[in-house]
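What did I look up, and what did I find?

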Amino acid sequence: MTVETKINMTEQDVRAFSKAMNEADWMADFRADALNKVEHVAMPTPDKTKIDKWNFTQFPKHTVESATFSSLEELVGEAKELVDVEKQQNLYIQHNNTPAYISLSDELKEQGVILTDIFTATREHADLVQKYYMTEAVKVNEHRLTTLHAALMNGGVFLYVPRNVEITEPIQVLYLHDDAEASLFNHTLIVAEESSSVTYVENYLSTVEEAKGLANIVSEVVAKDNAKVVFGAVDVLAEGFTTYVTRRGVTGRDARIEWALGLMNDSDTIAENITHLVGDNSSSDFKMVTIGRGSQKQNFTTDIVHIGLDTDAFILKHGVMKDATTSIFNGIGRILKGATRANAVQESRVLMLSEKARGDANPILLIDEDDVTAGHAASVGRVDPMQLYYLMSRGISQEEAERLVIHGFLEPVVSKLPIEGVKKQLTEVIERKVR
Amino acid sequence: MATLEIKDLHVAIEGKEILKGVNLSINTNEIHAIMGPNGTGKSTLASAIMGHPKYEVTSGTIKLDGEDVLEMEVDERAKAGLFLAMQYPSEIAGVTNADFLRSAINARRDEGNEISLMKFIRELDATMELLEMDEQMATRYLNEGFSGGEKKRNEILQMMMIKPTFAILDEIDSGLDIDALKIVSKGINKMRGEGFGALMITHYQRLLNYIEPDHVHVMMQGKVVKSGGADLAQKLEAEGYDWIKEELGIEDETVGEEA
């Protein structure tokens with residue numbers, strides 16, 4: 001079987017879409033340019049996962065039209081529980097491909113903070129968006145999926161934090177997917193100017209059982225000198241999607257990016273995270289947890305690139321594998337020549353709950369500088385029978401003991417998520433998936 | 001009064017017999033001490049009573065008030081009233097000490113009859129104060145990064161919170177300095193009384209200076225070879241084990257493997 005890779009959209013289509021979304025002209029050109037390159041750019045080759053049979057190009061519809069929300073009360077079920085209906089400000093909700101709700105406090109507006117859907121941003125904040133959109137953290141021509149994303153982007157958000165502005169309350173974005181035909185080419189762009197700080201949380205939530213579309217998602221974080229960005233995400237995309245999600249960061253001098261990702265998709269997923277520690281003394285802390293179930297195939301590649309002096313990075317990945325799932329955990333600490341006194345540490349742990357599940361943890365250190373420190377730990381194993389014995393000896397049933405061990409194993413990310421509703425949701429998703 | 005009765009217990013690990021017919025009967029309101037040199041099967045007895053997965057009971061019985069303990073899963077044994085303070089407690093990342101303790105207490109209660117959060121916190125605070133434990137030990141992950149002494153104290157904390165009918169304390173004194181030993185002993189002495197019995201396993205008579213046993217047993221070659229009162233422990237302290245070996249004609253007291 002060969003996989004059809006021709007895109008069923010023309011330059012005219014993407015220009016028409018750009019126009020329909022009322023984007024700035026530069027964006028229409030940007031899209032058309034990317035579309036014309038798609039066929040000439042190679043597919044990515046995620047280490048140890050063969051994706052040549054995966055469908056990344058065929059989808060039923062580029063855009064679906066969905067309802068907007070005039071109040072958070074209109075949300076239902078899980079989506080409603082994710083947001084604080086009474087208090088939540090500083091929130092963007094996208095309903096499939098439709099920007100459906102936006103709220104930003106007057107206080108933040110007065111400080112110059114920008115939170116807007118990506119289409120509007122291309123027009124109203126053209127200078128900023130054009131400067132950072134797929135220029136630093138992710139490049140259009142990296143591989144076919146980024147090129148395709150550039151051409152077909154159909155949603156997303158722009159968050160801008162001006163110099164010296166410290167936002168204390170988290171900013172939340174909910175990407176709600178409840179139309180099986182929808183495809184998500186979402187783009188999150190976060191720019192934190194010098195000495196600013198912000199906590200951002202994005203939720204991908206499918207409420208349909210099965211998806212027919214594609215998810216080709218890009219999130220970019222630019223943390224300028226001395227800025228701090230905490231980026232949390234909980235992805236719960238339905239089975240049926242082919243998902244490529246890349247989340248990238250670039251740090252200035254003394255800047256810090258912290259990632260806390262709960263990657264709970266039921267779809268086949270390539271999740272890639274790259275942080276470029278460009279500025280001296282910048283740092284990144286990456287934490288992710290995942291649960292694989294069914295016959296899901298996933299690849300989690302985390303790459304932190306040390307470019308500046310005294311850069312510091314820690315990667316922690318914990319995965320629970322059930323049923324006949326296959327997951328690859330690649331952790332890469334990359335220290336370039338000149339990144340003196342860099343420190344790259346990583347830890348990957350995979351807990352196997354089934355004989356048929358596969359989980360590979362591959363720690364990789366690529367070091368081209370002498371005066372550095374680096375370390376890695378990786379393990380793949382079953383629930384420790386001694387832990388179960390210990391818990392059971394206190395009267396806790398085997399089922400409950402296993403639950404405690406698994407929750408404990410995934411706790412590093414759950415505890416880091418800054419929004420109560422999101423923390424609760426991730427706990428519930430974990431509960432549902434390990435049952 | 002409750003009774004834990006062990007009769008002619010034989011236990012093997014990986015096919016090798018370690019316990020070769022242990023007989024022991026413990027009532028509530030009694031504290032028993034099992035002493036003996038290394039490698040005589042003392043810890044194996046403790047593990048077998050609790051149901052450690054690696055130990056296989058090949059024959060004999062353990063009964064708690066007539067109920068067959070060997071038929072019970074590990075959690076059922078705990079719910080029936082048994083508790084083992086372990087020599088090497090597991091570390092469980094991501095689960096806080098307090099959450100774990102509450103789960104353990106509630107596991108012994110019926111649904112709808114769970115301990116109230118306020119009552120739990122009050123009891124936990126008071127018990128931790130008695131054991132001179134730092135407040136933050138409650139929110140730390142279960143045994144993770146605890147020092148040897150902190151782990152021992154945490155075992156005693158669990159015992160005092162769970163309030164078992166019978167506690168088996170496996171070398172609760174090993175690695176403790178004298179101050180810590182006094183604190184741990186204070187906790188155990190507090191439990192002493194009508195509804196509580198204990199079996200303390202130790203190498204050292206020192207522990208028995210702080211917790212006076214009602215009965216002392218000596219194990220050798222996988223059996224209880226001598227029983228007596230508190231004075232037996234004192235004699236062992238003064239004269240060692242050689243006189244018992246001589247009396248019984250034992251040359252090598254071990255079962256070949258410390259377990």
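I began with the record for chain A. UniProt, in an unreviewed entry, places "domain: SUF system FeS cluster assembly SufBD N-terminal" on residues 24-173 of chain A. I checked the composition of that span: 31% helix and 17% strand. Its end C-alpha atoms lie 23 Å apart. I noted that I am working on a predicted model.

**Chain A, domains**

I looked up the domain assignment next. Chain A has domain 1 (11-279) and domain 2 (384-435). I read 30 Å between the C-alpha centres of domain 1 and domain 2 of chain A. Their contact takes 18 residues from domain 1 and 11 residues from domain 2.

Which elements give two or more residues to the domain 1 side of this contact? I found helix H3 (77-82), strand S7 (197-206), strand S9 (228-236) and strand S11 (256-263) of chain A. S9(A) gives the most, with four residues. I sorted the domain 1 side by class: 10 nonpolar, five polar and three charged residues.

**Chain A, the sheet of 10 strands**

I traced an open sheet of 10 strands in chain A. The order is S2-S1-S5-S7-S9-S11-S13-S15-S17-S19, and the pairing is mixed. Strand S2 (98-103) and strand S19 (373-382) of chain A are the edges. Each has a single partner strand, so one side of each lacks a neighbour in the sheet. I noted an average twist of 10° from one strand to the next.

Strand S13 (residues 283-292) and strand S15 (residues 312-321) of chain A run parallel and are joined by 10 bridges. Gly292(A) has Met321(A) in S15(A) as its bridge partner.

What lies across these strands? I found helix H9 (residues 398-414) of chain A across S11, S13, S15 and strand S17 (343-352) of chain A. H9(A) runs at about 150° to S15(A). Helix H10 (residues 420-434) of chain A lies across S7, S9, S11, S13 and S15 of chain A. I read about 35° for H10(A) against S9(A).

**Chain A, the sheet of nine strands**

I followed another open sheet in chain A, with nine strands. I wrote down the order S3-S4-S6-S8-S10-S12-S14-S16-S18; the pairing is mixed. The twist here averages 5° from one strand to the next.

Strand S14 (residues 297-306) and strand S16 (residues 326-335) of chain A run parallel, with 10 bridges between them. Asn299(A) stands opposite Ile328(A) in S16(A).

**Chain B, the record and the hairpin**

I turned to chain B. For residues 4-246 of chain B, UniProt lists "domain: ABC transporter" in an unreviewed entry. The span is 37% helix and 27% strand, and its end C-alpha atoms lie 31 Å apart.

I looked at strand S4 (residues 55-64) of chain B from both of these pairings. Eight bridges join strand S1 (residues 3-13) of chain B to S4(B), and the two run antiparallel. Leu4(B) stands opposite Leu64(B) in S4(B). S4(B) also runs antiparallel to strand S5 (residues 67-68) of chain B, with two bridges. There, Leu64(B) has Glu67(B) as its bridge partner. S4(B) and S5(B) make a hairpin with two residues between them. I checked the turn: Asp65(B) has a positive phi of about 50°.

**Chain B, a helix pair**

How do H5(B) and H6(B) pack? I found an angle of about 10° and axes 10 Å apart. That makes H5(B) roughly parallel to H6(B). From H5(B), the residues in the contact include Ile156(B), Met159(B) and Met160(B). From H6(B), they include Ile183(B), Val184(B) and Ile188(B). By class I noted eight nonpolar, two polar and two charged residues.

**Where the chains meet**

21 residues of chain B are in contact with 20 residues of chain A. On the chain B side, helix H2 (74-80), helix H3 (97-107) and helix H5 (148-162) each supply at least two residues. The largest share, four residues, comes from H2(B). I divided the chain B side into 13 nonpolar, five polar and three charged residues.

Terms used: Residues are numbered from 1 along each chain as its sequence is written. Chains are lettered from A and ligands numbered from 1 in the order in which they are written. This is a predicted model: local features need pLDDT of at least 70, side-chain atom pairs count only at pLDDT 80 or more; totals for chains, interfaces and linings use all residues. Two strands pair if DSSP finds at least two bridges between them. Axes are lines fitted to C-alpha atoms, for helices over the stretch in contact, and angles run from 0 to 180 degrees between N-to-C directions. Two residues are in contact if their C-beta atoms, placed from the backbone, lie within 7 Å. Ala, Val, Leu, Ile, Met, Phe, Trp, Tyr, Cys and Pro count as nonpolar, Asp, Glu, Lys and Arg as charged, and the others, Gly among them, as polar. Domain bounds come from an automatic or database domain assignment. UniProt positions are given in the numbering used here, feature names are shortened, and annotations may be inferred rather than shown by experiment. Angles under 35 degrees count as roughly parallel, over 145 as roughly antiparallel, 65 to 115 as roughly perpendicular and the rest as oblique.
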